[in-house]
Amino acid sequence: MVKANRHPQVLFVLLLLLPAAVALSLAVGRVALPFSVLIDGLAEPKPNLAWLILSELRVPRTVLALVVGATLGLGGAALQGLLRNPLAEPGLLGVSGGAALGAVIAIYFGLAAAFVLAIPLLGIAGALAAGALTFLFGRSGTLTLILAGAAVSGLAGAGLALALNFAPNPYAAYEITTWLLGSVAERDWAQIALCMPFILLGWFCLAFTPRGLDLLTLGEAQAESLGVNLGLLRAQVLAGVALSVGAATAMAGAIGFVGLVAPHLVRPFVGHQPSRILLPSALFGALLLLVTDIAIRVLPTSNELKLGVLTSLIGTPFFFWLVLHLRRLSP
Amino acid sequence: MRLARFRACLALAGALFLTLTPVGGTLSPPGVQPDGPEPPAAAHGKPTRIMSLMLCNDLLLLMLVPPERIASITYLAHDAVEALMPGADRGVPVNYGTAEDVLLQRPDLILAGTYSAPMARRLARRAGARVVEVPATNSFEDIRRVVRQVGAAVGEPERAEALLAGMDVKLARLAAERAARPLRVVAWSGGNSVPGKGTLTDAIITVSGAENIAAKLPDTRYGSFGLEELLAARPDAILQGETRWTGPSLRDSQTAHPLIDRYWRGRVIGYPDAAYTCGLPQSADAAVALRAVFRGLPAESPAW
């Protein structure tokens, strides 16, 4: 790990950029309020417009962008470490698909109307079920895990189409197509509060994996001979990803590319050791999604663009460039 | 919002036509000129097997002609009929906008929408039906034009005039007794597609004596109107399309933001989507109903 000594500097830069992005995120919105008005709003008698916009709309939006971005970055880094596959990401294991299926069932079969927090709850349940299914059929090896993930993704997609077909609402397919593209706009604190415990629990699970992931870079047999319980490691990563990404997807829709790109972007700076990538990747994911969310608010479109549209538009060319770049570097 | 979606539905129906229209065989029954000027109804007698391919035409048709002269209305019509004229579609067959329906039901007149008209015309040659394309309505002037057009096509111009006269009486009454305080309102069912200027909803709100704050959007038809803008504009009331006819949807959770409940409690007004989507004589009733609801609203504005 020759480049590992750069690690603290990258963390430092990311930690400097994040507050700047947060400040920008609080200042930018559909209603243009000068920064001074926003500051005054905190001091004036409440409720006032600036305070309402900040506390009920922009702060939750910013928090959600950070949490979802960090979750995707962390999940991507953990999965790429576990599968030793640079193409791994949360969507690969069917977790995002499962979460989307759960959320759709909650929305279109009246559960959300009866109990407003049913959407995140069922999203988490769907993610857990999909993650468990992937783990059940893919436990015999890394390749099988990827294949099982692909199969479960397909199953979730079919389930989604089936649910939309049976949905009594004729606009279901239209609504869900846009919802799946991802957004963190106009979520309320109660929805965020319900998802947070699950996301934190997922992060907690992943916090126990760095040593095992490091040893796994030597190969599965070598890692096991060094005392790594592979089954436990897989279970920890899958549970962590299912909980955090499942809850995040239920809140914000399926946002692609952040989980794929974030680990790749921090690797040149911190080296290839999985344990050193996890935290920077999470921070970078958070920064990436927050900046994307600021961009869709600034872009003068009649309807706000969806997060997934922009992450894919920006992420794809960069990822292609990265792939070519890596190929040139490798012997 | 609803209108845009209905249009999407209709476009879908149009696409269905495209795929199901028989290829080849352009045999035209003698005497039928599908694309030519419409012959006066009197020349052929009144049409007796009228088929409607658009929800708004369904509703108009049910008001203009007795059920026995209707070949079919669309399967989408039932909920809107229940909302506007309960029971009026009893015993009337439905169609799913497919080519098979047209060929099977052998209508003598097809009332098509903008999106279904080209396909209906192509099909009409084989079915032997006349096609009348009914445009969408975005104002009360549009309503007068369309009601007269359909009335003439189905051979019931007097009935159409009577319906319009009823509408105009209500509109005149609304105009005579202006609302004391013009309320500032917005039709907001989630911020993605809010009707601005040039929409039927805007026309109904204006006639009811209120001001549609979304009419100021630079986007003149449907635009986005986020919660931030809603807070900044602070409307006196929020109109929301009723969802009880369509079943649960994502928009329920979008409209259930705690801010709405906290600051607009008692100021959220449900309205029947159908009367706002389709320009009908009942659109005047919708405006009358809206005026009555506005009267009952608390006088002071939402506080902050």
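**Strands and helices in chains A and B**

In chain B, helix 6 (residues 117–127) lies across strand 4 (109–112) and strand 5, running at about 170° to strand 5. Here helices (H or I, at least four residues) and strands (E, at least two) are DSSP runs, numbered from the N terminus. Axes are lines fitted to C-alpha atoms, for helices over the stretch in contact, and angles run from 0 to 180 degrees between N-to-C directions. The structure is a predicted model, in which local features need pLDDT of at least 70 and side-chain atom pairs count only at pLDDT 80 or more, while totals for chains, interfaces and linings use all residues. Residues are numbered from 1 along each chain as its sequence is written, and chains are lettered from A and ligands numbered from 1 in the order in which they are written.

B:A112 stands opposite B:E133 in strand 5 of chain B. With helix 6 of chain B, these strands make a right-handed β-α-β unit; right-handed says that, with the strands pointing away from the viewer, the path from the first strand over the helix to the second runs clockwise.

What is the order of the strands in the open sheet of chain B? The five strands follow the order 3-2-1-4-5, with parallel pairing. Its edge strands are strand 3 (94–95) and strand 5 (130–133) of chain B, each of which pairs on one side only. Strand 2 (residues 70–74) of chain B runs parallel to strand 3 of chain B, and two bridges join them. B:I73 has B:V94 in strand 3 of chain B as its bridge partner.

Further along chain B, strand 6 (residues 184–187) pairs in the parallel sense with strand 8 (residues 211–212) over two bridges, B:R184 standing opposite B:E211. Strand 6 of chain B also pairs in the parallel sense with strand 10 (residues 237–241) of chain B, over three bridges, and here B:A187 stands opposite B:L239. In total, chain B has 14 helices and eleven strands.

Two helices of chain B also meet. The axes of helix 3 (residues 55–64) and helix 4 (residues 77–84) of chain B come within 10 Å and cross at roughly 45°. This makes helix 3 of chain B oblique to helix 4 of chain B, since angles under 35 degrees count as roughly parallel, over 145 as roughly antiparallel, 65 to 115 as roughly perpendicular and the rest as oblique. Among the residues that make the contact are B:L59 and B:L62 of helix 3 of chain B and B:V81 and B:L84 of helix 4 of chain B; contact is counted if C-beta atoms, placed from the backbone, lie within 7 Å.

A:W203 lies in helix 9 of chain A. Leaving aside its neighbours within four places in sequence, A:W203 is in contact with A:L74, A:G240 and A:S244. A:W203 and A:A252 are 49 residues apart in sequence and 18 Å apart in space, C-alpha to C-alpha.

Definitions and conventions: Pairing = 2+ DSSP bridges. Contact = placed C-beta atoms within 7 Å.
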